[in-house]
Structures are given as structure tokens and as C-alpha cells.
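Dear colleague,

Please find below the structure I promised to hand over. My notes on it follow directly after.

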Amino acid sequence: RMSHISEMWCYHWKWKLQHCLFLFTTYIICMQQAAHGCYDCRTVLTDPSGVFTSPCFPSDYPNSQACKWIIRAPHGFIIQLTFIDFDIEEAPGCIYDSLTLDNGESPMNLCGITAKGLSYNSTGNEMIVLFKSDFSIQKKGFNASYVRIAVSLKNQKVIIPQVPDIDAVSVAETVSVPELRQFTVCFEATKGNSDDNDDWKVFSYTDALLRELFSFGKTTKGHFLSISGTQCILKNALPRNAEFFTGTFQQLCVVWDSFSGTVGIYAKSTYHVVDCPEIFDKVIPGNGRLVLGSNSNEVSSLNGDIYNFRLWNFTMNAQTLANLSCDVKGNIVDWENEFWSIPTSALKAENNLSCGSYLIPSSSIEPTSCANLGSLCQATVNATTPTPPTVTTNMPATNRNDKPNNGGLFYRISIVVSSSNPNSVSKVHDVVAEWLNRTFQNWNYTVYVVNISIHPTSIREGTRQKRSIKSFSALALLVYNSTNNINLEDEDIRQKLISNNRTMEEGYQLHTVDVDPVEKCLAEENPPNYFWPDTRPTVTNITFCHGSSVQTASRTCYLGLQNYTSYWGQPDLRNCTENAADIANQLLNLTGEGQQLTSDKVNDVVQKLKKIVNDEEIDESLGSTVVTIFSNILASSDSVLAASSSEALKTIDALALKIHFAGPSMSISTRNLALGVSSINSTSFKGGSFSVSPQNNASDFQV
């Protein structure tokens, strides 16, 4: 064993020179085995929480270790790492043994015992932990736990407060709710299974005097929507005697329209309309306070959780609601951090939320069995949730960066190795993997192996086969990170492998070597009018939909891990729809807040809206979306609007004449644009009047 030889080196240093030379040679061999024996301490951790340790913990870690853990979470999370125990050889600048912690901003080196009990947060959704030990002096090492912490509201649900005056969850004061004559509100909620209370509220909106302006909840009469003190019982739309909300999240959308005196309910893929004449022509004043749960102690809050609450100041029809995706933001209130004031105690991160970000857990990137490592110990990794097995082996390399898909070039390596040792396929896999790792470490090129497959084969010399020789074919995928724009020829890779033939362990010899670059997906037209250029594997091409300079289609060149060949995926033409509502929603996202609009892009948007208005039936929902898009465009500079403003105004006029609505009149209000339309009898019409006023005493007000 290495430790025994180390002791001999210490205590018998007065041996003759030839004994010392023999001992030193033996020590180097053992040290090399130790350096590569614990190589499964290189892994990617994607579970929500877990524990990992240095090799052999709580015993002393071996010499010459080079470990790497990448802790990765979905976007919207950060990583918090805590050292439960920590004892690494101390030295100035941690020049001997050290743990390097890369939190995404500034790597730090740790050694000694000072990190014990401390916690560190990543700046993004990934943290990298490197551990190295030199040839002497071992310590206990470390025991670390990690957990992902949600920073995006999309990854968190809200526990509805049961006491209104304490820890209230409300829309932020910076969010201004306008006057409403119609709205659409969508949310997901749960209800405690043991709660049989039939008198509760999910949300409530009040004015400065705490007078309730609208709310949604349930009484013994059934579910209701209350508008300005008038309750509309949603009979037939939601069950009266049974619970709609259960222990799992259920989505519900409520659509209110003052002009028609109706309430629409979209639930479980079904749309119901309830007539409520009492709420006809009601107006909800603006600048109120919206809270989740009840606004008073007289009525309970829903005993459950709520998620993805969104509010729009226009109505949506059944088709729009059926196609409502996570990307459609509420134009008044959205499920983002800046829209809400939420106490920490009410937030809870979960992995199964409908609009959350997720990573599929990946297995350890090294073999998990310790049986083939003899007396050498293993680093340990324990996750909260077991991870499934995988056929992919991601090889570590100390000189690479971990983003192979950005500019990466792929090469197929096909080799045949042989040995007289009767080893299993898994053992051969480990030998070849370690050999490839050593071969490509500290090379002039940043390369690494991401997949290896081993199969028994045979070698023929002349016409006779040596029965005592066991041979195996190995197929590997090599990635070259070409960010430095240095060419790497396949012959260079081949010669590198041949020159390192004698370093393969277990008596294995290299017989044949073939290296070929993985081909690009060749240019083609599919479907007609969609042209895809030559594309490298793992790269996604984006092109405009046919006849559009706004909507985009995409197609990915995939890499098959069976034989390491490239192939085209199916074109993604979901954005190239001809459905007017879908096109309008795409344009709404395209022109939303934060989007950079050019004169050409605005002109293209206006032309598409003009086509919708001219060719399609326009109901209130589609009309509201179109007006909101025009409102977004109007936020652009004069130079961007110059070529399209006249066409835009004409299209709005055409929209006003064409839109279908119920009741005597309708109005649509957006941030930069308002449209009001009345239905009149031309024979009896004697004139009319209307009033318009700016919000918040704005000075740049135009009619």
C-alpha cells in the first residue's frame, strides 16, 4: 500500500542508494495509482440538495488527488454550500493542499480549518468545487452539504396567509392598477385536504378606505366573483358542493366584462359563461391594493397555496386561454418578483411548478462502483433523490472549460486495444477512460472526452487468431473547445494517442487508431421556403418564418450518441402560425417591455396587424391584444415610428369599425393607448360626448 511505503521512506532513509532508488520508483508508481484511483470524485450534481465529501472522509484523504464537483441548478436558482466539517493541510496561500470554490464571480482558495461551519452562495445557477492534494501530509478533508435556493418567483409558490394583518402578500406599491371595466385573471391554487371550510377568498382588491372592489372566493352558495359589493355566483361553471381546488395545483382563469355583464370561467380545458346582469356597466376604480387571500378577519383566506397569479385589463376568449403559455405576461400584474411584496415566510420553492425551471438529474459522471479500486477509498456523494443510471461517461480534464456547445468541434475516436488479462468490459472501460484522460490533460489544445463505449472484438494476425489475447473496440467522442480559434487536425489527435500508447495500464496495447471529425448537418430546404445552412452538431439555427421578418423558426443539428454522427432534427415552425390570435400573442411578446424595436421591425408588425384587422373576425379579446401591441409600439422613439405611424392610426380606425362587442359600448385601456367604441342607432342619434384624462397627472398627454 502507498501509506506503508511512505512510512518506509520516512523511517529507513539511511538505506543504500540502490534500495532508495527502488523504493522511490515504487513510490512513484503507487502515487500515480492513487492520483487516478479516486477519479469518481469528479462529478456533476443536479439534485435539489445533497452531501459530498473529500475522498476517504472522515479518514485522511490520499495524496495526489484532483477532484472536481460541479453543482448545477436550473435558471432562477442559486447554490448555497455549507461545510459541515473542514480540515485541509494549512499553508500560506494554500500552496500545498487546497479547496478552490468558484461561485461564478471570484474563485477563492480555502485550507486549514477556518471554513468549518461557513456557508457560501453562488452568484448564478452553478458552483464549482475543486480539491487537490500534493504528495505528502494528509488531513481529514471536508464534508459539505448543498441546497438550491430559488431567486425567481417562477420557481416558488406562495403560502396564502391566514391572518390578513400579519405577513400579508400584496401587489407591490410600485405597481399601479388602472381603472377596470373588464379583466382576465389566471392563477393556480391548492387547498388543504383536511380543510372543510366553505367560506373563503383567494384574492381581494380594496380601495384606500378598505372597501372591497373585487374578489374571488367561495361561500355555502358556491364560488363567486364579487364586483363593487355585488356577488355573482358562478353556478354551473364551478362545483357548489364539491371542491374545485385540491391538494395539487389546479389552474383557473376568471374573465369579467362590464359591457356584457358576464363572467367567463376557464377551468380544466372547459370555458363557461355566466350571465350576471347585476354587474353590468360596473367600473372598478384604479390605484387600489390587491392582496392574496382575504382582506379582513371576517372571512377566511383559502387554506392552501397559490402560484402564477397574472392579471390583464382586457378579456380573453376560450381559444386564447387554451393556448395561454408561461411566456405570456400579465400586463397589469405578473408572477415576477418586481410585481409583488411577499414576506420570506410565505415563499416556498418547489420542483414541480408548471412554469418553473428544471434540470433533469444526471448521474455521476464517473463509475459509482468502488469494487475495482482495491484498497483505495472513494469520495462520497449523497443526494436527496437517487439519480438514474446513464450510458454516458463525461471524462474530466483540468484544462477545459465546461461549455462544450459554444464553439465546440466534435471528433470520433475509434481504437482497438488488447491484453492477455481476462478483464470485464467495465474494467476495460475504466482503463481506457483513465488513459484518455491522462493523454489529453495539459495538452496545447482544450479537449475532453464526453462519451465512451466499449465492445469485445477480435484481432487477426495473418490467418490465425491468438486465442489468449482479449481485444476490445472503443468508440469515444472528443470535444475541442475552439474559442482560441486554433485549428486542431484529426491527425494531431491520432498522433497524440499513438505517442501515449505505452502509458495504458493493465497491460493493454493500442492496435488501431482512427480519428474523424463529426460531419456537419448538410444544408437543405425543409419544408419548402425554409433553408437551413451547413450546421455543426449541437448548434440550433434560427431563421425567419416564410414571408415574415418578425416570427422565427428554428432547427437543431443533433449528435447521435450511438455512432457519433450528426443528424437534423425536425424544423420547429410553431411560431409560424396563421392563427390570428397566436400571431397577435407573438407580436405582443415581441413588442413587450425591454424589447428593442427598429423602424423595419415596427413596420413589419404594423403590416401584420393590418392584415389581421382586414382579414379576420375581431372579437374583444383579439381587439384588446391588437390595441396593446399598438400601445407597445407607441413607446418607441419618433424616428422609429416615422415610417409607420400613419398606417398604424388607419389600422386602429379600421379596428374600431370592425370589432364585435356585446352591450352598448366597449373600451380598451392600455398604457399608451385607449380605444372606446359605442353602438348607436343612426336614425335617432343626436350627438354624444366622451371624456379622457391622463393617469398620474401626466404632462405628455395627447388626444
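Two strands are taken to pair if DSSP finds at least two bridges between them. Helices (H or I, at least four residues) and strands (E, at least two) are DSSP runs, numbered from the N terminus. This is a predicted model, in which local features need pLDDT of at least 70 and side-chain atom pairs count only at pLDDT 80 or more, while totals for chains, interfaces and linings use all residues. Residues are numbered from 1 along each chain as its sequence is written, and side-chain values use heavy atoms, with hydrogens and water left out.

I begin with the strands. An open sheet is formed by three strands in the order β34-β35-β36, with antiparallel pairing. The edges are held by β34 (540–544) and β36 (565–568); each has a single partner strand, so one side of each lacks a neighbour in the sheet. On average, and with direction ignored, neighbouring strands of this sheet are turned by 20° against each other; axes here are lines fitted to C-alpha atoms, for helices over the stretch in contact, and angles run from 0 to 180 degrees between N-to-C directions. Five bridges pair β34 with β35 (residues 552–560) in the antiparallel sense, and N541 has R555 in β35 as its bridge partner.

A second pairing involves β37 (residues 665–669) and β38 (residues 674–678), which run antiparallel and are joined by five bridges. M666 stands opposite V677 in β38. In a regular strand the side chains alternate between the two faces of the sheet. In β37, M666 and I668 make up the covered face, whereas S665, S667 and S669 make up the uncovered one.

Turning to the helices, α7 and α8 (residues 620–633) pack with their axes 11 Å apart, at an angle of about 160°. The two helices α7 and α8 are therefore roughly antiparallel (angles under 35 degrees count as roughly parallel, over 145 as roughly antiparallel, 65 to 115 as roughly perpendicular and the rest as oblique). On the α7 side, the contact (heavy atoms within 4.5 Å) is made by V602, V605, V606, L609, I612 and V613; on the α8 side, by L622, V626, I629, F630 and I633.

The structure holds 19 salt bridges, each being a side-chain nitrogen of Lys or Arg within 4 Å of a carboxyl oxygen of Asp or Glu. One of them joins E506 to K427, with the closest N and O atoms 3.7 Å apart. This pair links distant parts of the chain, 79 residues apart: E506 is in the loop between α5 (490–499) and β31 (509–517), and K427 is in helix α4 (residues 425–440).

Within helix α5, E491 and R494 lie three residues apart, about one turn of the helix, and their side chains meet in a salt bridge at 3.6 Å, N to O. E491 is partly exposed at a relative accessible area of 38%, as is R494 at 28% (buried means under 20% relative accessible area, exposed over 50%, and partly exposed in between, with a 1.4 Å probe and protein chains only).

A further salt bridge brings together the side chains of E647 and K610 at 2.8 Å, N to O. E647 lies in helix α10 (residues 645–658) and K610 in helix α7 (residues 599–615), so the pair ties together parts 37 residues apart in sequence.

With kind regards
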